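Please keep the sequence and the structure in view while reading.

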Amino acid sequence: MDYFAIIETEGAALLRSTSTNLDAEVPSCPGWSSRRLLRHVARLLHGVGVAVPRGTTDPPPRNPPAPTEDAQLIAFGWQALTEVLAALRDTDPDLPAWNHVGAPAVAGFWSRRLAHELVVHRWDADTATGRTQLPAAAVAADGVDELLTVLLPGIARARVPRDAASVHVHLTDTAPGGEWLVRWADGVFEVHREHARGDAALRGPAGPVLLALWGRVPFDHPDLAVLGDHGLLAELSTGL
């Protein structure tokens, strides 16, 4: 999957959408305006662009605040997008690089992470305009896989799961392979790409599943089906 193209396309769409009306409320992020969303994304892009080329897993220096003046903030966002793309393209993906989620500490982690961060945040930006479009199924499916197999296991190590249980996630609009079984017991958290029965199941197209797992749409969304113990789905939240 061409993560650089996704970063470039989704990042540019987000910047255009948020810049149209910085005061617009973002319904999918309660309490946020488009200005705050732009500030958040721009600082993230800038921080990753600085951190990736350093060749170390040490935490990067503190990320400076984004500009407060609107025109400067918009320009900062475009500059950050350009610079992070250059940093990712020019850096060996196996070069050591810090991350905050316990995932493999290499530069290549950030290409996939930023691609899906921008997919979700572009959807956030579009909710402020009232014109949303679901991400492509293949992109959303890769985002679900990243969340379940990369982000969630790393984050789950730092918390104690509830009593032994499992959740089956099944995408209904992708080729074979769009299924995962998430299982936890005795402090151990495991994810397997397989078809298996769980104590709960989440089924639906890749786009709505991705957005539900990131808390953007409810699990009772009309395109989704939940079977078994609905409460277990909360364990799939990364908290990011």
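What radius of gyration would a compact globule with 240 residues have, and what does the protein have? A compact globule of 240 residues would have a radius of gyration near 18 Å, and the protein agrees with this because its own value is 18 Å. The model is a predicted one.

## Overall form

Along the principal axes, the C-alpha atoms of the protein fill a box of roughly 50 × 40 × 30 Å. Of its 240 residues, 50% count as buried.

The secondary structure consists of six helices and five strands. Along the sequence, these elements follow the pattern α-α-α-α-α-β-β-β-β-α-β. Among contacts between residues at least 6 apart in sequence, 64% join residues at least 24 apart.

## Helix H1 and helix H4

Helix H1 covers residues 3-20 and helix H4 covers residues 108-127; their axes come within 8 Å and cross at roughly 25°. Angles under 35 degrees count as roughly parallel, so H1 is roughly parallel to H4. The crossing of these two helices is left-handed.

On the H1 side, the residues that meet H4 are Tyr3, Phe4, Ile6, Ile7, Glu10, Gly11, Ala13, Leu14, Ser17 and Thr18. Their partners in H4 include Ser111, Leu114, Leu118, Arg122 and Asp126. By class, the contact of H1 with H4 has eleven nonpolar, six polar and four charged residues.

## Helix H1 and helix H2

Helix H2 spans residues 34-51, and its axis comes within 8 Å of the axis of H1, with a crossing angle of roughly 150°. H1 passes H2 in a left-handed crossing.

Here Leu14, Leu15, Thr18 and Ser19 of H1 meet Ser34, Leu37, Leu38 and Val41 of H2. The residues of this contact divide into five nonpolar, three polar and no charged. Leu14 and Thr18 of H1 meet residues of H2, and Leu14 and Thr18 also meet residues of H4.

## A residue in detail: Phe4

Is Phe4 buried, partly exposed or exposed? Phe4 lies in helix H1 and counts as partly exposed because its relative accessibility is 26%. The class of partly exposed residues lies between the buried cut-off of under 20% and the exposed cut-off of over 50%.

Leaving aside residues up to four places away in sequence, Phe4 touches Leu85, Leu88, Arg89 and Ser111. Ser111 is one of the H4 residues in the contact with H1. Phe4 and Thr18 are 14 residues apart along the chain, and their C-alpha atoms are separated by 21 Å.

Key: Residues numbered from 1 in each chain as written. Predicted model: local features only at pLDDT ≥ 70, side-chain atom pairs only at ≥ 80, totals over all residues. Heavy atoms only, no water. Axes fitted to C-alpha atoms, helices over the stretch in contact; angles between N-to-C directions. Helix = DSSP H or I, 4+ residues; strand = E, 2+ residues; numbered from the N terminus. Parallel < 35°, antiparallel > 145°, perpendicular 65-115°, else oblique. Left-handed = near helix turned anticlockwise from the far one by under 90°. Contact = heavy atoms within 4.5 Å. Nonpolar A, V, L, I, M, F, W, Y, C, P; charged D, E, K, R; others polar. Rg over C-alpha atoms; globule rule 2.2 N^0.38 Å. Buried < 20%, exposed > 50% of the residue type's maximum accessible area, 1.4 Å probe, protein only.
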